[in-house]
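Reader: Hi! I'm new to reading protein structures. Could you walk me through this one?

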Amino acid sequence: MMSTGDDRDKSRSEELIDEQKSAQGIQKDQDVTQISLSNRGLSRLVDLSQYKKLNYLWLNGNQLRTIDALGENYRLSELYLQDNELVNIKGAMTRLTNLKILMLQNNQLTRLEETITEFKYMQALETLNLSKNPLAQDSEYRYYTIFHVPSLKLLDRREVKKSEREDAAKLYQQDRQALMDTIAFGRRWDAGPPQSMRDSPLKEPLNHVDNRMDQELPRQPSELPGRTNRPSLMQYSHFDWSMIPKVEERRLNKGRCLEDNAQIVTVRFR
């Protein structure tokens, strides 16, 4: 349930937007391309979905804890949310696929994996700042972010170097590749006949075959004593990725070797 303060802030944000439209001589919502609501002490925002052509949005310096007003602003290319009180952005930005600049520094974001997942479809995102958030203290934070947001050129005001991309790739691809190399997908198991058959000769030797038509033809394998037409035994193995700890699990369980839970599941069939 929304508090009176939230209602007041939403109304206040709407009033501020109307003032800016009036000052710029804009009458239609579809003509609004930028909105500045910086340093207004806002804890909630009015829904901004009606501003379809919004490109630039300044919301920094407020008291925002969540963001739920940007669901339909697909054209947004720059978003400034630094210096707020954000604790969670899950589901708030997945549709903002045209973002090029995103400022989120100095908030209260703690979940690294959940936060970075919000950026997975932002293929144009080049500048990102997540510094001064608790998640930035994670020992894998920078490499994890660089690996999962490959379009980045500037992270926390530092250029993303080629060597960092290579190190991140090694860190997050090497272990998986090593495990994949151990998987035999559809590998044929050439175990051969049972040991008892290999050690004992056939009871009935094959008749000699030459060009004469009256000679008995060699028997088929199915006709040989002790032999049956059984299909080859097939083996399929796959790695149980659900047992591999995620970044947050490794961070919360430092000192414990969670990788020991990893398993390779093998199925054999004919």
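Predicted model: local features only at pLDDT ≥ 70, side-chain atom pairs only at ≥ 80, totals over all residues.

Reader: Where in the chain does Y144 lie, and what is its partner Y172 in?

Author: Y144 lies in helix α3, residues 141-148, and Y172 in helix α4, residues 162-181, so their pair ties together parts that are 28 residues apart in sequence. The two form an edge-to-face aromatic pair, with 5.6 Å from centre to centre and 75 degrees between the planes.

Reader: Is Y172 buried or exposed?

Author: Y172 is buried, at a relative accessible area of 17%.

Reader: And what about Q173, is that one buried or partly exposed?

Author: Q173 lies in helix α4, and it counts as partly exposed because its relative accessibility is 45%, which falls between the 20% and 50% cut-offs. Its C-alpha atom is separated by 9.6 Å from that of F147, and these residues are 26 apart along the chain.

Reader: Back to rings. How many aromatic pairs does the structure hold?

Author: The structure holds four aromatic pairs. In one of them, the rings of W58 and Y80 have their centres 5.5 Å apart and their planes at 5 degrees, so that pair is stacked. W58 is in strand β2 and Y80 in strand β3 (residues 78-80), 22 residues apart, so to speak a link between distant parts of the chain.

Reader: Which residues do ring pairs link into a cluster?

Author: Ring pairs link Y56, W58 and Y80 into a cluster. Within it, W58 is partly exposed, with a relative accessible area of 26%, whereas Y80 counts as buried at 13%.

Reader: Let's switch to strands. In what order do they form the open sheet?

Author: Seven strands form an open sheet, running β1-β2-β3-β4-β5-β6-β7, and the pairing is mixed. β1 (34-36) and β7 (158-159) stand at the edges with a single partner strand each, so one side of each has no neighbour in the sheet.

Reader: How many bridges join β1 to β2?

Author: Three bridges join β1 to β2 (residues 56-58), and these two strands run parallel. Q34, for example, stands opposite Y56 in β2.

Reader: What is T127 in contact with?

Author: T127 has its place in strand β5, residues 127-129. Leaving aside neighbours within four places in sequence, T127 is in contact with K100, I101, L102, M103, L152 and L154. T127 is buried, with a relative accessible area of 17%.

Reader: Which residues have the most contacts inside the largest nonpolar core?

Author: L79, M93 and F119 have the most contacts inside that core, which has 47 residues. The elements giving two or more residues to this core are α1 (4-23), α2 (112-117), α3 and α4, and α3 gives the most, with three.

Reader: And which residues does L79 touch?

Author: Not counting residues up to four places away in sequence, L79 touches several, among them L57, L70, M93, L99 and M103.

Reader: Which phi is positive at N106?

Author: N106 has a positive phi of about 60 degrees, although it is not a glycine. Most residues other than glycine have a negative phi. N106 is found in the loop between β4 (101-103) and α2, and counts as partly exposed at 33% relative accessibility.

Reader: And where does D156 lie?

Author: D156 lies in the loop between β6 (154-155) and β7. D156 is not a glycine either, but has a positive phi of about 55 degrees. D156 is buried, with a relative accessible area of 16%.

Reader: One last thing: how many helices and strands are in the chain?

Author: The chain has six helices and ten strands. Of its 270 residues, 33% count as buried.

Terms used:
Residues numbered from 1 in each chain as written. Heavy atoms only, no water. Helix = DSSP H or I, 4+ residues; strand = E, 2+ residues; numbered from the N terminus. Buried < 20%, exposed > 50% of the residue type's maximum accessible area, 1.4 Å probe, protein only. Contact = heavy atoms within 4.5 Å. Pairing = 2+ DSSP bridges. Phe/Tyr/Trp six-rings, centres within 6.5 Å; stacked < 30°, edge-to-face > 60°. Core = buried A, V, L, I, M, F, W, Y, C linked by side-chain atoms within 4.5 Å.
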